[in-house]
Amino acid sequence: MRGVMAILSGAGFGLCGGAALAAQPQPWQMGLQPAASPIMEMIHSFNNGVMIIMTLVTLFVLALLLYCIVRFNAKSNPVPSRTSHNTLIEVLWTVVPILILVGIAVPSFALLFAEHDPARAIPGFNPATDRQMTIKATGSQWYWTYEYVDSDGLSFDSLMLNETDRAADPNAGPRLLAVDNELVVPTGTVVNMQVIGADVIHAFAVPAFGVKIDAIPGRLNTTWFRVDAEGMYYGQCSELCGRDHAFMPIAVRAVAPATFDAWVAVAKTDLPGAYQMLAAAEADAKLKVAGK
């Protein structure tokens with residue numbers, strides 16, 4: 001146990017470092033959550049690009065309306081035009097929107113392809129040498145079951161903490177987002193997610209990762225993500241799945257690879273103890289930071 005704690009402490013437990021994140025909805029938030037994965041960075045870029053195009057189109061249409069109001073009102077144009085059509089204008093308002101839509105479609109398809117292939121989103125990614133792992137997420141009414149396929153079948157359920165449990169734990173996460181057993185993943189690792197439903201249709205969604213995929217009974221859907229910074233990331237079931245749909249959160253704790261390996265080693269036989277070690281290492285790291 002002391003050896004594992006030394007590994008956790010030596011890894012620095014980045015949750016306490018300056019790069020640590022806590023990605024969750026914020027009061028009055030209107031934009032997307034900060035990107036924590038290559039896919040979400042692509043989504044940010046695509047969203048910003050489309051917003052620029054929308055703004056330009058809106059301003060252009062507004063300018064045309066103002067021009068028509070000023071140039072062709074009854075006072076300025078007492079004799080109405082009898083022009084039935086203009087071939088050039090009709091060609092332009094057909095061809096130009098098509099070109100705009102094609103310009104949007106090209107990066108859109110690139111994003112869709114990247115969501116299924118890490119090599120399209122991560123420069124230099126080599127599936128034969130780069131670190132990868134597989135996790136299976138099963139949605140049930142109303143909790144998630146996580147199975148670490150590459151870790152000798154390590155699996156556990158993840159349920160939302162009720163208000164009594166949150167009140168008893170000063171380090172518990174946000175209301176309606178904190179869970180008893182978080183999904184722990186290593187940073188810098190491509191996590192291949194297998195998602196399925198056990199009863200009805202659910203949806204596994206973590207906004208900071210740019211991940212949202214349906215969990216359908218009898219069908220194994222796949223997606224992937226790679227977390228770039230240590231921290232806590234929150235999501236929720238995003239498919240109406242019954243009475244407690246709103247109480248089916250997803251909490252992902254990203255840690256350094258060495259910390260993750262130590263956590264897995266203990267979690268195989270003592271899951272509560274593995275989380276206690278993470279909490280102890282986090283507290284120890286905070287003390288070290290405060291002492292600097």
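Hi everyone, here is a short tour of a few residues in this structure, which is a predicted model.

Let's start on the surface. D157, D165, D169 and D180 come together there as a patch of negative charge. One of them, D157, belongs to strand β4, which covers residues 154–158. How exposed is D157? Its relative accessible area is 35%, so D157 is partly exposed.

Now please turn to Y275, which sits in helix α6, residues 271–291. Is Y275 buried or exposed? With a relative accessibility of 12%, Y275 counts as buried, because the cut-off for buried is under 20%. Which residues does Y275 touch, if we skip its neighbours within four places in sequence? Those contacts are F156, N181, E182, V184 and W263.

The peptide bond that runs from Q141 to W142 is cis, and its omega is near 0°. You'll find W142 in the loop that links β2 (132–140) with β3 (143–148).

Two other residues have a positive phi without being glycine. For W28, phi is near 65°, and for D152 it is near 55°. Where are they? W28 lies in the loop between β1 (21–23) and α2 (38–71), while D152 lies in the loop between β3 and β4. W28 has a relative accessible area of 84%, so it is exposed. D152, at 71%, counts as exposed too.

Methods: Residues are numbered from 1 along each chain as its sequence is written. This is a predicted model: local features need pLDDT of at least 70, side-chain atom pairs count only at pLDDT 80 or more; totals for chains, interfaces and linings use all residues. Side-chain values use heavy atoms; hydrogens and water are left out. Patches are made of residues with over 30% relative accessible area and no salt bridge: like charges are joined within 9 Å, nonpolar side chains (Val, Leu, Ile, Met, Phe, Trp, Tyr) within 5 Å. Accessible areas come from the Shrake-Rupley method with a 1.4 Å probe; for residues, only the protein chains shown count as cover. A salt bridge is a side-chain nitrogen of Lys or Arg within 4 Å of a carboxyl oxygen of Asp or Glu. Lys and Arg count as positive and Asp and Glu as negative; His and the chain ends are not counted. The place of a charge is taken as NZ of Lys, CZ of Arg, CG of Asp or CD of Glu. Helices (H or I, at least four residues) and strands (E, at least two) are DSSP runs, numbered from the N terminus. Buried means under 20% relative accessible area, exposed over 50%, partly exposed in between (1.4 Å probe, protein chains only). Contact means heavy atoms within 4.5 Å.
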